[in-house]
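Hi,

Here is the structure I promised you. Have a look, and my notes follow below.

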Amino acid sequence: MFAAFLQYLFSGLTSGAIYALAGLGFAIIYNSSHVINFAQGEFIMIGGMATATMVAAGLPLPLAIALSMLASMMVGVALEKFAIEPARNSDVVTIIIITIGASIFLRGAAQILWDKEFHSLPAFSGETPIGVFGATLMPQSLWVFGVSGAVIVALWWFFNRTMFGKAMLGTSHNRLAAQLVGVGVKKVLLASFALSALLGAVGGVVVTPITFTNYEAGIMLGLKGFSAAVLGGLGNGGGAIVGGLIVGIAEALASGYLSSAYKDAIAFIIILFVLFFMPNGLFGKRGTDRV
Amino acid sequence: MLAVVITVAPLGFSNSYYYDVAVNAMFNAIVCVGLNLLIGYAGQISLGHAGFFALGAYGSALLTASWGLPPIAAMLISATVVGLLAFVVGRPILKLKGHYLAMATLGIGIIIHIVLKTEAKITGGPDGMSVDNFSLLGFTVMGDRMWYWVVGILLILTVWLALNLIDSPVGRALRAVHGSEVGAEVVGVDTSSYKVLVFVVSAVFASMVGSLFAHKNGFITPDIGSFMHSVELVVMVVLGGMASVFGALIGAVILTLLPQFLAVVEQYEAMILGAIMMGTMIFLPKGLLPSIVSAFKRREGGQ
Amino acid sequence: MRNLTRFGAAFVVATSVYGAAGVALAADPIKIGSILSVTGPASFLGEPEKKTLEMYVERINKDGGVQGRKVELVVYDDGGAGEKATTFTKRLIESDKVDILIGGTTTGTTMAAVPLAERGQTPFISLAGGVNIVEPVKKWVFKTPHTDRMAAEKVFSDMKKKGLTKIALISEDAGFGKSGHDQSLAVAKNFGIEIVADEVYSPKDPDVTAQLTKIKNAAGVQAVFNFGFGQGPAIVTKNFKQLGMSVPLYQSHGVASKDYIKLAGDASEGVRLPASGLVVPDQLGATDPQKPVVTAFKKDYETAFKSDVSTFAGHAYDGLQIALAAVLRAGSTDKAKVRDEIEKTSGYVGTGGLVSMSATDHMGLSPSAFHMVEIRKGDWLLSD
């Protein structure tokens with residue numbers, strides 16, 4: 001019985017870590033711009049698709065990863081420069097629609113640039129399952145956990161120990177004040193998009209050996225990532241990770257003990273309940289309403 | 001003016017396909033006028049209205065098929081149930097703000113979608129179920145032309161209702177909620193009641209149109225309740241122009257027609273649609289109609 | 001309708017004046033309308049279907065068309081949504097005035113189009129699997145692929161042969177898997193098979209070990225049967241191996257493409273599934289009537305698109321061939337005549353098998369159209 005429970009947990013952790021990586025991207029952009037970027041899932045898709053097709057074309061994996069990270073970053077920068085920046089002072093809803101438009105555009109571009117088939121990458125450290133107390137875990141899942149952890153540490157260091165990171169954080173707290181002390185708000189916004197696109201690409205690369213990827217893979221990842229980020233509390237990187245893990249584990253336990261047909265619904269019910277009692281998510285800052 | 005457009009438009013329709021598209025556009029327009037009350041006037045986003053639309057559609061389909069109820073009764077019962085549901089979930093949900101509210105409404109929409117998909121014994125599952133014609137007092141609405149006139153009249157009625165609501169004290173309270181919720185509360189507006197009220201109204205609009213859509217289309221699948229459909233509805237409202245009844249209407253019409261035009265460019269359809277969405281919101285951030293109107297006003301002022 | 005009568009009147013005048021009906025007719029193209037899910041969750045079915053139709057229509061036209069008439073193809077993408085399929089079908093019938101409809105990639109989009117084809121009295125050949133498309137028989141509606149019920153029956157009879165009677169079902173909760181699941185439940189009893197565990201997953205789930213663990217722990221499971229298409233079955237297969245499950249794994253005909261083997265990798269070794277002869281042309285017996293047809297089609301497709309042929313492309317090919325053969329026999333595109341001729345299709349050798357339709361059977365495939373194949377060393381091995 002314990003082995004089964006452990007297996008459910010592993011299953012949930014694997015999915016959860018994937019959702020968490022997607023959620024982190026939302027958190028970074030939200031932090032510096034208060035924008036929810038619904039094209040975040042597409043960054044992940046671009047990372048996975050670009051790497052998979054380049055590897056299939058014969059490029060060595062590390063080079064393919066580096067190139068697709070670069071490509072994804074360029075897409076992120078372009079999105080900020082040409083779509084978000086000109087509309088910076090618009091309503092929240094307006095910007096949401098822009099990012100939804102961007103996600104549709106990127107999906108359309110991906111299906112033309114690549115194709116509509118599913119692509120995969122070989123697992124980084126083989127496909128021999130690791131046995132733990134009667135349950136099994138794939139080595140690639142460990143890669144996903146490891147990368148998520150490393151990303152969290154790197155982000156913490158970046159935001160708390162580097163000048164530029166601190167400036168980005170400052171902008172999120174008070175845009176005007178940051179501007180007054182000479183922080184280039186535009187530069188910060190640009191950097192946040194580049195960073196989250198980069199992160200998305202990394203996520204896409206480590207996740208593809210498990211889930212495969214195709215031009216529409218970003219829809220699901222975007223949706224789950226958004227759920228993770230909101231559940232954890234917007235703008236809180238650690239919160240997004242916890243949120244992602246909770247969603248993943250809830251789904252796995254629900255399909256193990258309740259009903260696999262309703263596992264997604266159960267995850268959403270949990271999110272709704274959390275929001276009823278904690279309207280700013282698990283770790284979100286309490287917002288004060290300004291008149 | 002709307003009445004004139006609706007009356008004159010069919011002159012350009014050479015076959016019933018055009019009527020079909022026009023009816024779909026008007027269906028969307030009715031939903032969007034309702035949704036716009038919530039998004040545009042009360043300033044509350046909903047990413048779950050397709051769920052209410054689907055509940056209305058399935059409610060009608062099931063009540064007429066298995067219970068043999070007359071369509072009008074089925075439609076009203078479904079709308080009442082949806083209204084009650086919106087009322088029950090509305091209270092806790094509308095306390096949330098911004099993206100949290102978006103998440104919560106999205107969750108509700110998705111849960112409804114999952115239920116419709118899973119309970120295949122009742123709903124036919126992902127492959128959908130068929131629905132009979134709409135008839136009232138022995139009179140059956142059939143064919144695209146007849147539907148066109150019926151829905152046209154309903155649309156005019158909806159717009160008239162919405163315009164009246166906006167000019168009423170309720171409408172003024174709503175705008176106050178949008179402008180500043182705290183401010184509105186300070187001057188004694190019971191903001192949460194008004195928000196719930198308009199949430200319920202917009203959900204009922206969506207449900208009733210869902211019922212009619214089911215009868216008109218003759219076949220429904222759970223996809224009408226999908227997240228993508230909810231997003232589509234919000235995009236229609238925002239693209240056309242928030243806080244403008246005619247803006248929402250124009251947004252609905254344009255976004256219903258656009259895929260029909262873009263069908264000929266095949267694989268570039270998604271790219272062009274995405275580019276149009278981004279372009280409109282970047283250059284006309286207030287939406288099509290309000291931006292054009294203010295441009296006109298400015299020009300007149302300049303002369 | 002009014003336009004049509006006016007056209008008819010003008011036509012009568014024209015022919016009586018010039019007496020050159022044959023020439024006037026020859027100039028008219030044969031219009032084929034197609035709604036396919038070129039984007040959306042079923043896009044990897046819709047895409048090869050579209051490419052196949054386009055390739056063969058182009059080729060037929062280059063060779064002079066059918067009875068001297070060119071074939072014109074109009075394709076609309078429904079994105080897998082039934083509601084869009086309705087509108088586009090109406091557009092094809094009313095606005096584009098097509099003679100024949102081929103399409104409906106999924107059962108959902110097909111069923112959405114069925115009432116319109118019936119009302120518009122237009123012959124409609126569906127490319128989707130659901131058995132409810134042709135049962136009960138609808139006057140104007142036909143289909144080319146095997147039904148999900150046939151797939152389930154084929155799998156169950158194979159299990160019965162091997163003495164496997166207690167099985168677990170794991171299926172996708174979207175259209176294809178759901179309908180396959182329901183059909184499997186319905187016919188299992190006929191083969192003395194008991195379904196002791198029944199789990200589902202969403203098409204985009206990254207991991208299904210939770211569902212499989214439940215199956216693994218269910219008492220007495222002798223085999224697992226997975227109904228789904230896309231990346232789902234590949235993930236099921238990988239997770240199945242990860243958990244070290246040793247019972248036989250069966251897949252449905254939904255994974256009968258090389259992509260599945262590519263995605264699932266080594267884990268797909270030993271998986272059994274029902275598939276048409278198209279996936280194993282070289283292994284068919286020399287006397288098998290299907291052999292030349294599938295060999296030629298596979299070669300055509302793979303040289304034109306540089307990708308592995310899928311059975312879905314074959315369904316579109318069969319649909320087009322059956323439709324054009326019916327037009328040829330009818331000698332015109334008169335819809336009622338073409339419909340009658342489609343129904344009379346007999347002994348057509350297609351990629352899916354031998355097709356002989358009748359007034360009570362609008363699909364015309366016998367269960368023998370399916371072969372049981374097993375995956376060995378990354379390739380299909382015919383095993384019945």
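Predicted model: local features only at pLDDT ≥ 70, side-chain atom pairs only at ≥ 80, totals over all residues.

Which residues have the most contacts inside the largest nonpolar core? They are A:Phe226, B:Leu106, B:Leu155 and B:Ile220, in a core of 160 residues. By nonpolar core I mean buried Ala, Val, Leu, Ile, Met, Phe, Trp, Tyr and Cys residues joined through side-chain atoms within 4.5 Å, with buried being under 20% relative accessible area (1.4 Å probe, protein chains only).

Residues are numbered from 1 along each chain as its sequence is written, chains are lettered from A and ligands numbered from 1 in the order written, and side-chain values use heavy atoms, leaving out hydrogens and water.

Now for chains C and B. Their contact (heavy atoms within 4.5 Å) takes 26 residues from chain C and 27 from chain B. On the chain C side, H4(C) gives the most, with 9 residues, and that side divides into 7 nonpolar, 10 polar and 9 charged residues. The interface has 2 salt bridges (a side-chain nitrogen of Lys or Arg within 4 Å of a carboxyl oxygen of Asp or Glu). C:Lys90 forms a salt bridge with B:Asp20, the closest N and O atoms being 3.3 Å apart.

Cheers

How values were computed:
Buried < 20%, exposed > 50% of the residue type's maximum accessible area, 1.4 Å probe, protein only. Helix = DSSP H or I, 4+ residues; strand = E, 2+ residues; numbered from the N terminus. Nonpolar A, V, L, I, M, F, W, Y, C, P; charged D, E, K, R; others polar.
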